Amino acid sequence: MKDAQAGGYAVGQFNVSNLEQIRAVCEVAKALGSPLILGTSEGERKFIGLKQIVAIANVWQEETGLPIIVNADHSRSFETAKDACDAGYMGIHFDGSEFPYAENLKIAKQVVEYVKSKNPDAIVEGELGRVLGGSEMHTEAIALKESDFTDPELAAQFVRESGIDSLAISFGNVHGVFGGRLEGSERLDIERLKNIRAKTGETFLVLHGGSGIPAPDVSEAIKNGIVKVNINTELRIAYIEYLRIALHRTGETTPYKIWPTVIDAVKKVVEEKIKLFGSGNKI
Ligand code: G3H
Ligand code: ZN
């Protein structure tokens, strides 16, 4: 993340919950020479298993020689953040954005204290402002209120008082994609980002809801201080679309023979994103 900040690029966090998705993401990162963050929401990690994904990522790291971090994406409580840390996660995202500010700050501090006492090298991400929506296809655009956006002054205070390494911010980004279009109506407020960047120093700024944001906006955000971009929905859509096609077209009963076209479809999305983030050839 420090290298990304100095080099003006961003590291992609790609959300996964099974071996096929992990394979797709790791193979592209290897081919492009990119550092990598594997993201797992509370639901995703409950499905694959916390210790299991840490072990699998370690094997891919060993085989590819890439720096690979597993991030506990959107941990909504101290307990779920702690569980991920105990299982060996090197990235912990505590998302207290639904709590009042004081509660968010209090738990973020506890998470930092706990994680750093267990593993000083682990990265803790906090969240301030509300990144709305889930990682899915929405039928209608989500309207943002002023109170959903991250306030730059409050962000500075939150970072200072919590001790977090990274901050997820809300500046026009929402989770998911809209109206069946991959590039939806999301536009980023770059002026707000510049303001947050100016006030939060070396804190790593994170763009959530990376799916569906027009590429020029993502590039502009990276130029102005975003060093991590999270992608989930576009991977899910590619995966499910091609799985449906694969199952529909063949009478195949050998499971591993169903996956190559699905993995290829996910790989295309990952490749496009890594190129957009500029993290290729950085190893
Ligand atoms: O935390 C996960 C990301 O923010 C995913 O957002 O589904 O819009 O790509 P996305
Ligand atoms: Zn997110």
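Me: Two strands pair if DSSP finds at least two bridges between them. With that in mind, which residue stands opposite Val206 in strand 10?

Reply: Lys228 stands opposite Val206 there. Helices (H or I, at least four residues) and strands (E, at least two) are DSSP runs, numbered from the N terminus. One caution: this is a predicted model, in which local features need pLDDT of at least 70 and side-chain atom pairs pLDDT 80 or more, while totals for chains, interfaces and linings use all residues. Residues are numbered from 1 along each chain as written, chains are lettered from A and ligands numbered from 1 in written order, and side-chain values use heavy atoms, without hydrogens or water.

Me: Good to know. How many bridges join strand 9 to strand 10, and how many join strand 7 to strand 9?

Reply: Strands 9 and 10 run parallel and share 3 bridges, while 4 bridges join strand 7 to strand 9, also in parallel. Ile169 has Leu207 of strand 9 as its bridge partner.

Me: What do these strands build together?

Reply: A closed barrel of 8 strands, in the order 1-2-3-4-5-7-9-10, with parallel pairing. From one strand to the next the twist averages 25°. Strand 1 (residues 11–15) and strand 10 (residues 226–231) pair in the parallel sense over 4 bridges, and here Gln13 stands opposite Asn230.

Me: Which strands does helix 6 touch?

Reply: Helix 6 (residues 101–118) packs on the sheet against strand 4 (91–94) and strand 5 (123–128), its direction making about 175° with that of strand 5. Such angles run from 0 to 180 degrees between N-to-C directions, with axes fitted to C-alpha atoms, for helices over the stretch in contact; contact means heavy atoms within 4.5 Å. Helix 7 touches strand 5 and strand 7 (166–169), at about 150° to the direction of strand 5.

Me: Which way do the residues of strand 9 point?

Reply: In a regular strand the side chains alternate between the two faces of the sheet. In strand 9 (residues 204–207), Phe204 and Val206 point one way and Leu205 and Leu207 the other, and all are buried, that is, under 20% relative accessible area with a 1.4 Å probe, protein chains only.

Me: And how many residues has the largest nonpolar core?

Reply: A nonpolar core joins buried Ala, Val, Leu, Ile, Met, Phe, Trp, Tyr and Cys residues through side-chain atoms within 4.5 Å. The largest has 73 residues, and Phe14, Tyr89, Ile92, Leu167 and Ile226 have the most contacts inside it. Helix 12 (residues 260–277) gives the most to this core, with 8 residues. Apart from it lies another core, of 6 residues, including Ala4 and Phe204.

Definitions and conventions. Buried means under 20% relative accessible area, exposed over 50%, partly exposed in between (1.4 Å probe, protein chains only).
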